[in-house]
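Have the structure open while you read.

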Amino acid sequence: MVGERTAEDIKIKIGSAYPLEEEMTLDVKGRDLVAGLPKTVSITSAEISEALQEPVRAIVEAAKISLERTPPELAADLIERGIVMAGGGSLLRGMDKIISEETGLPVHIADDPLTAVAEGTGKVLNEIRYLRKVTVPVKSEMHT
């Protein structure tokens, strides 16, 4: 068992959404769940990639659903310019590659992905009329 901070460190150092060409290993200190005592184990990038598969699949599926709901005008821009990923999840090694393979679109990572979400939200709120042009109404909103 490891703490949340250690798990995040493992993900950053050897985690990958996509199989790596060269296997990486990391010694991790934690607590043996059977004996209850501190222990150091060596883990591989393949083990961490396997552990990350469920959340990675969920992210890929969410991206596909979003693309299915994209208005045709925006879809044309996506084909031409690609997807720009932002947020901490975009920093997971290989996430851009797996999303590109699954969607057939080019994928780029924002220049500063950790602040891009907040900056983009601020820009959208300043220009709310543009957001209304590119959003698709939810079915319950269509009747109002």
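Two strands count as paired if DSSP finds at least two bridges between them. Keep in mind that this is a predicted model.

With that in hand, take strands E1 and E2: they make a hairpin, with six residues between them. In the turn sits Gly36, whose phi is positive at about 75 degrees. The two strands run antiparallel and are joined by seven bridges.

Next, the inside. The largest nonpolar core holds 19 residues, and Ile10, Ile43, Val56, Ile83, Met95, Ile98 and Ile99 have the most contacts within it. Two or more residues come from each of H1, E1, H2, E3 and H4, with H2 giving the most, four residues. Zoom in on Ile83: leaving out residues up to four places away in sequence, Ile83 touches Leu67, Leu78, Ile99, Thr103, Leu105, Pro106, Val107 and His108.

Now for the largest pocket, which has a volume of about 700 Å³. Its lining counts 17 residues, and Val84, Ala86, Ala116, Gly120 and Val124 lie nearest the centre. Where does the largest share of the lining come from? That would be H5, with seven residues. These elements each supply at least two residues of the lining:

| Element | Residue range |
|---|---|
| Helix H3 | residues 72–81 |
| Strand E3 | residues 83–85 |
| Helix H5 | residues 113–126 |
| Helix H6 | residues 128–134 |

By class, the pocket lining splits into 11 nonpolar, three polar and three charged residues.

Terms used:
Residues numbered from 1 in each chain as written. Predicted model: local features only at pLDDT ≥ 70, side-chain atom pairs only at ≥ 80, totals over all residues. Heavy atoms only, no water. 1 Å grid on protein atoms, 1.4 Å probe; cavity = no way out; pocket = protein on both sides within 12 Å on 5 of 7 lines; lining within 4 Å. Points joined across faces, edges and corners; volume = space filled by probe spheres on them. Nonpolar A, V, L, I, M, F, W, Y, C, P; charged D, E, K, R; others polar. Core = buried A, V, L, I, M, F, W, Y, C linked by side-chain atoms within 4.5 Å. Buried < 20%, exposed > 50% of the residue type's maximum accessible area, 1.4 Å probe, protein only. Contact = heavy atoms within 4.5 Å.
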